[in-house]
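I opened the notebook to record what I looked up in this model. Entries follow in the order I made them.

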Amino acid sequence: MLDWIGERVAPRKGRAQSADAAGLVGTTRIATPTGWCRADDLGAGDRVVTFDSGVQTVRSVARRLVPGPRSGAEALLRLPAGLIGNAAPLLVGPGQGVMIESDLAEAAWGDPFALVPAASLAGLPGVAEVLPEAPLVVVSLGFEADEMVFAEGQALVQCAGAWSQPATLDDAATASPPRYAMLGAGEARMLAASLAPSPDPRIG
């Protein structure tokens, strides 16, 4: 059932991410059992392919409007195709958790994959801060538990579980704990810098 997605990778686990300014632009394609679906077309009850838990049901969808430049637009980050496995440019909020692969992470923690805020990728070649020219809808998907979903190909992006925003006291008491570790700002920037291509010694 998952053959069309391709080979998976293994994320690190642990404490929770901050959800500040997280989310995906609504046109971002998300993997579902039947193919790719725009994030803004998904609703509670729809099914999405996750990394650790197979096909899971979307529990909630939070949408917010990012205004255009005349209304004090919120800056988003455009990640170029191929940076984190995305087959197309990926437009995300700076607080969105994304998975990166780094030899430095493997040397430090024995795992080449690390979860970092998208903001830590700012400054890498091709990464641009974008002020929308027109209003955009930014979408955050919620699941029963913390999940990683596939966006625009092999990019893995974090989606919150019920633990982060319980609707009732019962939800708070029974929610699954966070399962992914978000690196702190300093560690995340260090790992992100390792993604930049080394300069060609033949140039200059």
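**Salt bridges**

I started with the salt bridges in this predicted model. I counted 3 of them.

I took glutamate 152 and arginine 29 to begin with. Their side chains meet in a salt bridge, with 2.9 Å from N to O. I looked up where the two residues sit. Glutamate 152 has 7% relative accessibility and counts as buried. Buried requires a value under 20%. Arginine 29 has a relative accessible area of 33% and is partly exposed.

I then went to arginine 59 and glutamate 144. They form a salt bridge, and their closest N and O atoms are 2.7 Å apart. This pair also links distant parts of the chain, 85 residues apart. Arginine 59 is in the loop between strand 5 (54-57) and strand 6 (60-66). Glutamate 144 is in the loop between strand 12 (136-143) and strand 13. Arginine 59 is partly exposed at 34% relative accessibility. Glutamate 144 is partly exposed at 39%.

I finished with aspartate 40 and arginine 38. Their side chains meet in a salt bridge at 2.7 Å, N to O. I noted aspartate 40 as partly exposed, at 22% relative accessibility. Arginine 38 is partly exposed too, with a relative accessible area of 36%.

Side chains of opposite charge can pair when their charged atoms come close.

**Glutamate 147**

I moved to another glutamate. Is glutamate 147 buried or exposed? It counts as buried, at 2% relative accessibility. I placed glutamate 147 in strand 13.

What does the side chain of glutamate 147 make a polar contact with? I found the side chain of serine 53, at 3.0 Å. I then listed contacts, leaving out residues up to four places away in sequence. Glutamate 147 touches Thr50, Ser53, Gln56, Val157, Gln158, Cys159, Arg179 and Tyr180. I also took a C-alpha distance. Glutamate 147 and alanine 160 are 6.6 Å apart in space and 13 residues apart in sequence.

**Strands 9 and 10**

I turned to a strand pair. Strand 9 (residues 97-101) and strand 10 (residues 113-117) pair in the antiparallel sense, over 5 bridges. I looked up bridge partners in strand 10. Valine 98 has valine 116 as its partner. Isoleucine 100 has alanine 114.

How many residues of strand 9 are buried? I got 4 of the 5, so strand 9 is largely enclosed by the rest of the structure. Strand 10 is mostly covered, with 5 of its 5 residues buried.

I then sorted strand 10 by face. In a regular strand the side chains alternate between the two faces of the sheet. Phe113, Leu115 and Pro117 are on one side of strand 10, and Ala114 and Val116 are on the other. Both faces are covered, and these residues are all buried.

**Serine 120**

I followed the chain past strand 10. Serine 120 is in the loop between strand 10 and strand 11 (128-130). I found serine 120 buried, with a relative accessible area of 8%. A polar atom of the serine 120 side chain lies 2.7 Å from the backbone oxygen of proline 117. I set aside neighbours within four places in sequence and checked the other contacts. Serine 120 is in contact with Ala188, Arg189 and Ala192.

**Surface patch**

I looked at the surface next. Which residues form a nonpolar patch there? I noted Leu104, Trp109 and Met190, with about 250 Å² of accessible area together. Methionine 190 is in helix 3 (residues 185-193). I recorded methionine 190 as partly exposed, at 42% relative accessibility.

**Whole protein**

I closed with the totals. I counted 3 helices and 14 strands in the protein. Buried residues make up 43% of the 204 residues. The protein exposes about 9,900 Å², and carbon and sulfur atoms supply 53% of that area. I also looked up contacts between residues at least 6 apart in sequence. Of these, 66% join residues at least 24 apart.

Conventions:
Residues are numbered from 1 along each chain as its sequence is written. This is a predicted model: local features need pLDDT of at least 70, side-chain atom pairs count only at pLDDT 80 or more; totals for chains, interfaces and linings use all residues. Side-chain values use heavy atoms; hydrogens and water are left out. A salt bridge is a side-chain nitrogen of Lys or Arg within 4 Å of a carboxyl oxygen of Asp or Glu. Buried means under 20% relative accessible area, exposed over 50%, partly exposed in between (1.4 Å probe, protein chains only). Helices (H or I, at least four residues) and strands (E, at least two) are DSSP runs, numbered from the N terminus. Two strands pair if DSSP finds at least two bridges between them. A polar contact is a pair of N or O atoms within 3.5 Å; within protein, one must be able to donate a hydrogen and the other to accept it, and residues adjacent in sequence count only if both atoms are side-chain atoms. Contact means heavy atoms within 4.5 Å. Patches are made of residues with over 30% relative accessible area and no salt bridge: like charges are joined within 9 Å, nonpolar side chains (Val, Leu, Ile, Met, Phe, Trp, Tyr) within 5 Å. Accessible areas come from the Shrake-Rupley method with a 1.4 Å probe; for residues, only the protein chains shown count as cover.
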